Amino acid sequence: MKILVLGGGGREHALVWKLKQSPRVEKIWCAPGNGGIAAEAECVAIDAGDVGAIVALAEKIQPDLTIVGPELPLVNGLTDAFRQRNSAVVGPSQQAAQLEGSKIFSKQFLERHGIPTAKMYGTYESPSEVYDALNSVAWPVVIKADGLCAGKGVFLAPDFAAAKDFVQRVMEKNELGPGGKRILLEETLEGEELSFIILTDGKRYAPLVPTRDHKRVFDGNQGPNTGGMGAYSTDELLPDALREIIRSTIVEPTLQGLAADGIPYQGFLYIGLMLTKSGPKVLEFNCRLGDPEAQAILARMDFDLAEILNDVVAGCLDPSKLHWKPGASACVVLTSGGYPGKFESGKKIEGLTAVEQITGVKVLHAGTRLVGATVVTNGGRVLGVTAVGETLEAALASAYRAVAKIHFEGMHYRKDIGAHATPLRAAGD
Ligand code: AMP
């Protein structure tokens, strides 16, 4: 098989790494890829969100299968363009990707099918409508900009003044771009968060191993939100009883709802959940693997990813084929100093070869590029140092041992990834 992977972050490096292990894969391209992916695939300097350019690339190189990493190509209709050309692609249609691309679409879908979620107060198209509505909400209230806002579109407002300030920035100053044209208000949920990710061919589905990520930039969950500072996976995280509740109250009604609405869904579906006192409730859908959750999940994969993704496209996914390594995995993200605020790029990364010797460790590149033979930083999140182990402690120890050997100017990482990991509990336990 010849495979094209779209995207250029740690998630895409993880996909390329696993696909390359398949005996059926003879060639991988990645657009645009990065400095680490370049060692394992042929990188093509095309923006993954540019549907026209990607279609032209595929017509030229004729991949047997295309796998979409990030959300933008999905929301831009890339999979529809491929399917019109009978070109095999993993990822939901543009319409299905609205589950991520529009918070209002997603909330209406959840309400229409009676799937547990935060109660919505309403949706609004002008600041004055929002201010009126804010007079009759319970505080704190959650304000969500409708469209894709690079993770900045959700605000938990403690009071009217803070809410008004956010609404002004989103709707009047257009700080988040067109994604902020419409706003949704919903109740605040309390509980622990869990990402539940499935792979589906539209009929059958297989849950991937459970993971949790760490969003805040500093230890102890301090500082601003980031794209993700690390993730870990261990089966103990998700007791069977809770898994069954999530399957029966969330996953199956979601797939049935999509089918009832005539929206076939094929690919990865990431369900962000809040485990509240009255059961799991949906916070959000993402139409793709999370990053860095993907790194932790793929590290535990013990099956042929190319074969399984081929089955997904052919509509014959067999969930019993997805075997996982027992034990645990962890991914520690190394960032440029200053991220998620201003940071500098172009710093030389040292120690990458030394790390290759550590068993069970794989360094997945995110924001890197090659300058000649030298790998330099090229983004906020630079590397995801990923390790497997028989226990979470062992996986973390290997990952941090590797981190200690890597260096670049300004390098920052959290030292508490996977610390305080306790099994999540079903409501009422
Ligand atoms: P979303 O993109 O909708 O998942 O929102 C991003 C983050 O905001 C979530 O991971 C939660 O931490 C938080 N969040 C979103 N909706 C709610 C809610 N209704 N109640 C409490 N926190 C929320």
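**View 1. Proline 340 and its cis bond.** Proline 340 sits in the loop that runs between β16 and α12. What kind of peptide bond joins tyrosine 339 and proline 340? It's a cis bond, with omega at about 10°. One thing to keep in mind for this view and the others: the model is predicted.

View 2. At 25% relative accessibility, glycine 351 is partly exposed. Which residues does glycine 351 touch, once those up to four places away in sequence are set aside? They are Lys405 and Ile406. For a sense of scale, pick out leucine 134 as well: its C-alpha atom is 53 Å from that of glycine 351, and the two residues are 217 residues apart along the chain.

**View 3. Arginine 401 on helix α13.** Now look at helix α13, which covers residues 392-403 and includes arginine 401. Arginine 401 is partly exposed, with a relative accessibility of 46%. Isoleucine 358 is 43 residues away from arginine 401 along the chain, yet their C-alpha atoms are separated by 8.4 Å.

**View 4. Helix α1 under cover.** Helix α1 takes in residues 10-20, and it's mostly covered, with 10 of its 11 residues buried. Gly10, Arg11, Glu12, His13 and Ala14 are among the buried ones. The list of buried residues in α1 also includes Leu15, Val16, Trp17, Lys18 and Leu19. What covers them? Part of the cover comes from strands, including β1 (2-7), β2 (27-32), β4 (65-68) and β17 (361-365). Helices α10 (293-299) and α11 (305-314) are also part of what covers the buried residues of α1.

**View 5. Helix α2 and its two faces.** Helix α2 runs over residues 51-61, and its buried residues are Val51, Ile54, Val55, Leu57, Ala58 and Ile61. Looking down the helix axis, these buried residues fall within an arc of 160°, so they line one face of α2. Which exposed residues sit on the face turned away from the buried side? They are Gly52 and Lys60. The buried residues pack against β1 and β2, along with α3 (71-75) and α4 (78-84). Just past the helix, glutamine 62 has a positive phi of about 55°.

**View 6. Two asparagines with positive phi.** Start with asparagine 86, in the loop between α4 and β5 (89-90). Its phi is near 55°, which is positive even though the residue isn't a glycine. Asparagine 86 is exposed, with a relative accessible area of 74%. Then move to asparagine 174, in the loop between α8 (160-172) and β9 (183-187). This residue isn't a glycine either, and its phi is also positive, at about 50°. At 47% relative accessibility, asparagine 174 is partly exposed.

**View 7. A cis bond at proline 140.** Proline 140 lies in the loop between α7 (127-134) and β7 (141-145). The peptide bond from tryptophan 139 to proline 140 is cis, and its omega is near -5°.

**View 8. Stepping back to the whole protein.** Of the 429 residues, 57% are buried. Among contacts with a separation of 6 or more, 68% link residues 24 or more positions apart. The accessible surface comes to about 17,700 Å², and carbon and sulfur atoms account for 49% of that. As for charge, there are 44 positive and 50 negative side chains, and the centres of the two sets lie 3 Å apart.

Terms used
Residues numbered from 1 in each chain as written. Predicted model: local features only at pLDDT ≥ 70, side-chain atom pairs only at ≥ 80, totals over all residues. Heavy atoms only, no water. Buried < 20%, exposed > 50% of the residue type's maximum accessible area, 1.4 Å probe, protein only. Contact = heavy atoms within 4.5 Å. Areas by Shrake-Rupley, 256 points an atom, 1.4 Å probe, with all protein chains shown as cover. Lys, Arg positive; Asp, Glu negative; His and termini not counted. Charge placed at Lys NZ, Arg CZ, Asp CG, Glu CD. Helix = DSSP H or I, 4+ residues; strand = E, 2+ residues; numbered from the N terminus. Arc of directions from axis to C-beta.
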